[in-house]
Amino acid sequence: MAKPTTSNISFETGMLAYARSIQITEGLFFGTRSENGETVRTPIEILEKGVRGQSSEDKAKNPGLSNPQSVEFAVVPMGCDGVELAFVMRVMPLAMKPHACGNTEVGETYRRFAESYRAADGFRVLAELYIWNIANARFAWRNRFQSDDMSVTISFEGRKITFDPFRLRFDAPAGSGDLAQAMTAGTAEDLDALVSGVTRGLSENAFSAGVVWSARMQPGQEVFPSQDYVREEKVDKNLSRVLAKLPTFYAGREIKQASMHSQKIGAALRHIDVWHGSDECAAIAVNPYGGVQETGAVLRNPKTKNSFYDIRSKATDLLEGVSAATNASEISSEAHFVMANLVRGGVFGSSSKKAEVNG
């Protein structure tokens, strides 16, 4: 196929979609204890209890009075002195071309962009950032602050690496050197194999790894699974808090095992937008407008001219810049951000006049 000329290079079309490149399983919580030198795992069960709080919201119906309610909760099982959160990550090269595209030439432009990005070793930059957010245990969310003794173990292709999350920062991305210093088990060759595996998964062939966050915690200490947001018609009127759970058969009966939503784990892993240019936040989750759920800030709003859509509108500069790069250090932050969004996946169609011309 002939390459588009400079004058008609465009990333915009009415229909454009990318499949998610990093697929995460639901995370499962286990209580742990040591027995004869082996780790014994007990699924953490979601339970119910009644509590009596006080109305504290603005314009409460019964201000300051008791507010009895039933909630779901999860705790470290009796007899256990630790917790594990386990999931599996599969990385696939689905950002190398669109999943669906309304214009052949636009689709070819995205393919050329991805090929040039791969040739300059750009995917290795993304791989290190994703591994940073695994090694620092960001995916444990609130649970990460429940213990002062924890580790993250990544198992892949017959290798195993363990990291101390406390040796890594949340606000400053870690390169290979920082990751190596945070390791408590594994070799430099293992770490290089992990980074190369994720890089290869993003750009060539699928790669899978198992992840386990382990922490010392006390029996009865609360654990925080994902909280379910259920539609009004699905709500159990007797429950004011519903937690994520998966049915598990254990000790001769079916229980509701505490879980972490795959979307919540994925959101933690994609906290790799370190290119937004705002002093307001450090790394934020990759999304086209740089929205930060915790604060309500939108760091890449249309006024900044730094959103995914503003950047990709300069298609010629973006494509030529990546094509001219000979190594990852020469790739612009804009190109990294665009590719990170394509790895994230989603629908990126445009309603602009240029998109209308391109179908």
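Buried means under 20% relative accessible area, exposed over 50%, and partly exposed in between, with a 1.4 Å probe and protein chains only.

View 1. At 25% relative accessibility, C101 counts as partly exposed. C80 has 2% relative accessibility and therefore counts as buried. The structure holds zero disulfides, a disulfide being a pair of cysteine sulfur atoms within 2.5 Å. This is a predicted model, in which local features need pLDDT of at least 70 and side-chain atom pairs count only at pLDDT 80 or more, while totals for chains, interfaces and linings use all residues. Residues are numbered from 1 along each chain as its sequence is written, and side-chain values use heavy atoms, without hydrogens and water.

**View 2. Secondary structure and contacts.** Nine helices and 17 strands make up the secondary structure of the chain; these are DSSP runs numbered from the N terminus, helices being H or I of at least four residues and strands E of at least two. Of the contacts with a separation of 6 or more, 72% join residues 24 or more positions apart, where contact means heavy atoms within 4.5 Å.

**View 3. Burial and surface.** Among the 359 residues of the chain, 47% count as buried. The accessible surface is about 17800 Å², and carbon and sulfur atoms hold 48% of that area. These areas come from the Shrake-Rupley method with a 1.4 Å probe; for residues, only the protein chains shown count as cover.

**View 4. Extent of the chain.** Along the principal axes, the C-alpha atoms fill a box of roughly 65 × 55 × 40 Å.
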